[in-house]
Amino acid sequence: MSANEYGILVVEDDFRIADIHRAFIEQSEGFAVVAVARNGAEAREQMARHASAIQLVLLDAYLPDVEGLELLWALRRDYVQVDIVMVTAAREVDTISEALRGGVFDYLIKPIEASRMQQMLARFRRERAALACRDEMNQAELDQVLSRAQPVEASPTSGRSLPKGIDRLTLRSVVEALKDARQPLAATQVAQAMGASRSTARRYLEFLVSVQVVDAELGYGDVGRPERRYRLQADTNGWLDGL
């Protein structure tokens, strides 16, 4: 890990999900996974060993030896310099409310989208950098640092105003590739169908996920590594008409 990277501790008892989180993190510039813990005891051990190298903890609420929220409060008490993000399947409002009272930086509900993880990491990097370079802030500066990115809302007219870097014809090609498929496709398969690079196909697929036109699910490829596969949602005719 270089001096310019933020260190992350992943606390997750399922090694496959931990590997997925690691892959998402490695796609984001300026971050490195310092350690992975599968339970509360390992999390405490890793924090004690690497406290100076860890700036962010990704914490599951369901752990085999301790309640995630109990560990949240312990980490908040013992390591005030560390930010914590809940990454969990827990959707109960009581759990979410307590986590927010515990000062979590963000709360991500499984299954996690790569784009949502990267959005959180980008905001973390931006806020840390802004706070590190000055001694005081006025209200306007603070409001800018604490601003939250607004999600893209899906609607029948979403395609009429596309974000920069998303071409209407290419987007339609991606949609057509998914429409013709009988099963969810990986980005590589979509790229082959439309005659584009994998990175291009992935970028358009993630945009379609963000506007809730495409669903993404995790599968395992021939070599056993987790792979995102994409499926067109059933009721998308109104949105497609806007392209």
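Predicted model: local features only at pLDDT ≥ 70, side-chain atom pairs only at ≥ 80, totals over all residues.
In what order do the five strands of the open sheet stand? The order is β2-β1-β3-β4-β5, and the pairing is parallel. Residues are numbered from 1 along each chain as its sequence is written, and side-chain values use heavy atoms, with hydrogens and water left out.

**Figure 1. Overview of the chain.** The chain has ten helices and eight strands; helices (H or I, at least four residues) and strands (E, at least two) are DSSP runs, numbered from the N terminus. Of the 243 residues in the chain, 43% are buried, where buried means under 20% relative accessible area, exposed over 50% and partly exposed in between, with a 1.4 Å probe and protein chains only. Among contacts between residues at least 6 apart in sequence, 62% join residues at least 24 apart; a contact means heavy atoms within 4.5 Å.

Figure 2. Strands of a sheet pair through backbone hydrogen bonds, either parallel or antiparallel. Two strands are taken to pair if DSSP finds at least two bridges between them. At the edges of this sheet stand β2 (31-37) and β5 (106-109), each of which pairs on one side only. From one strand to the next, the twist averages 20°; axes are lines fitted to C-alpha atoms, for helices over the stretch in contact, and angles run from 0 to 180 degrees between N-to-C directions.

**Figure 3. Strand β1 and its neighbour β2.** Strand β1 is largely enclosed by the rest of the structure, because six of its six residues are buried. Tyr-6, Ile-8 and Val-10 point one way from β1, while Gly-7, Leu-9 and Val-11 point the other way. With β2, strand β1 pairs in the parallel sense over six bridges. The bridge partner of Gly-7 in β2 is Ala-32.

Figure 4. Strands β3 and β4 pair in the parallel sense over four bridges, and Leu-58 stands opposite Val-85 in β4. Strand β4 (residues 83-88) also pairs with β5 in the parallel sense, over four bridges. Here Met-86 stands opposite Tyr-107 in β5.

**Figure 5. Helices packed on the sheet.** Helix α3 (residues 68-78) lies across β1, β3 and β4 and runs at about 170° to β4.

Figure 6. Side chains of opposite charge can pair when their charged atoms come close. The structure holds 13 salt bridges, a salt bridge being a side-chain nitrogen of Lys or Arg within 4 Å of a carboxyl oxygen of Asp or Glu. Arg-16 forms one with Asp-14, their closest N and O atoms lying 3.3 Å apart. Arg-16 is partly exposed, with a relative accessible area of 41%, and Asp-14 is partly exposed, at 21%. Another salt bridge joins Arg-116 and Asp-106, with the closest N and O atoms 3.0 Å apart. This pair links distant parts of the chain, ten residues apart: Arg-116 belongs to helix α5 (residues 114-132) and Asp-106 to strand β5. Arg-116 is partly exposed, with a relative accessible area of 30%, whereas Asp-106 counts as buried at 11%. A network of salt bridges links Asp-106, Arg-116, Arg-123 and Glu-127.

**Figure 7. The salt bridge between Glu-113 and Arg-228.** These two side chains meet in a salt bridge of 2.3 Å, N to O. The pair links distant parts of the chain, 115 residues apart: Glu-113 lies in the loop between β5 and α5, and Arg-228 in strand β8 (residues 226-232). Arg-228 is buried, with a relative accessible area of 8%.

Figure 8. The structure holds one cavity of 30 Å³ or more. On a 1 Å grid over the protein atoms alone, a cavity is a set of points where a 1.4 Å probe fits but cannot get out, and lining residues have an atom within 4 Å of a point. Grid points are joined across faces, edges and corners, and a volume is the space filled by probe spheres set on the points. About 30 Å³ of space lies in the largest cavity. Its lining consists of Pro-111, Ile-112, Glu-113, Ala-216, Glu-217, Leu-218 and Arg-228. Strand β7 (residues 214-220) gives the largest share of this lining, three residues.

Methods
1 Å grid on protein atoms, 1.4 Å probe; cavity = no way out; pocket = protein on both sides within 12 Å on 5 of 7 lines; lining within 4 Å.
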